[in-house]
Amino acid sequence: MKKLLIIGGIIIAIFALIVVLNTQSNKEKLKDNPYGTKQLKQATIDLIGNKNYSNIVLPDELYEKVSSGESVTAYFFSPECMYCMEMTPILMPIAKEKGIHVYQYNMLEFEKEAQPYGIKSWPTLIHYEDGKEVKRSVGLPVNPEKDIRAFFDEYDKK
């Protein structure tokens with residue numbers, strides 16, 4: 001019986017240590033996060049510092065950029081979407097290679113604010129010119145690398 005209590009105590013101590021370390025890690029990540037708030041869902045916190053998620057755009061900033069008429073490519077994703085997590089590590093290196101800045105819009109945190117863009121599912125990649133949508137790709141393509149390159153090539157030639 002004593003051994004069981006000792007083992008149980010050790011297990012509880014390990015879980016407590018995990019909770020403390022996770023809380024500390026979250027506090028560290030939230031210090032200078034691109035969202036401007038500390039009230040983020042855990043899936044979003046887990047992506048902070050990931051090089052594939054370094055172009056985060058806030059709702060007002062995206063609206064301003066699109067409304068200004070400048071050329072804008074926006075990627076609507078959710079950290080809880082398995083298709084987004086598969087597409088992003090393919091998308092972002094291609095965008096970097098082609099010199100295209102892709103603004104990443106987190107639907108988990110800002111779904112309501114995305115209504116003006118007509119986003120019904122994600123991942124969604126949209127290109128805007130002169131304040132108007134000119135190209136949209138919804139969902140994980142069958143051949144992500146080929147299709148992402150084709151998406152960029154189509155409007156890059158204009």
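A: Strands (E, at least two residues) and helices (H or I, at least four) are DSSP runs numbered from the N terminus, and two strands pair if DSSP finds at least two bridges between them. The model is predicted, with local features needing pLDDT of at least 70 and side-chain atom pairs pLDDT 80 or more, while totals for chains, interfaces and linings use all residues. Numbering runs from 1 along each chain as its sequence is written, and side-chain values use heavy atoms, leaving out hydrogens and water.

The strand to follow is β3, residues 124-129, which has a pairing partner in β4 (residues 132-138) and another in β1 (residues 72-77). With β4 the pairing is antiparallel and extends over six bridges; along it, Ile126 faces Arg136 of β4, and Glu129 is set opposite Lys132 of β4. These two strands make a hairpin in which two residues separate them, and Asp130, in that turn, has a positive phi of about 50°. With β1, β3 again pairs in the antiparallel sense, here over five bridges, and Tyr75 is found opposite Leu125 of β3.

How much of β3 is covered? Five of its six residues are buried, where buried means under 20% relative accessible area, exposed means over 50%, and partly exposed lies in between (1.4 Å probe, protein chains only). Tyr128 in strand β3 has a relative accessibility of 4% and therefore counts as buried.

Beyond β1 comes β2 (residues 102-106), since β1 and β2 are paired in the parallel sense over five bridges. On this side the bridge partner of Phe76 is Tyr105 of β2. Five of the five residues of β2 are buried, so β2 is largely enclosed by the rest of the structure.

The structure contains nine aromatic pairs; rings of Phe, Tyr and Trp (its six-membered ring) pair if their centres lie within 6.5 Å, and planes under 30 degrees apart are stacked, over 60 edge-to-face, the rest tilted. In one of these pairs the rings of Tyr105 and Tyr117 have centres 6.4 Å apart and planes at 65°, so the arrangement is edge-to-face. Because Tyr105 belongs to β2 and Tyr117 to the loop between α5 (107-110) and β3, this pair ties together parts of the chain that are 12 residues apart in sequence. Both Tyr105 and Tyr117 are buried. Tyr117 also pairs with Tyr128, again edge-to-face, at 6.1 Å centre to centre and 65° between the planes. Tyr117 has 8% relative accessibility and so counts as buried.

Tyr105, Tyr117 and Tyr128 also belong to one aromatic cluster, whose other members are Tyr35, Phe76 and Phe110.
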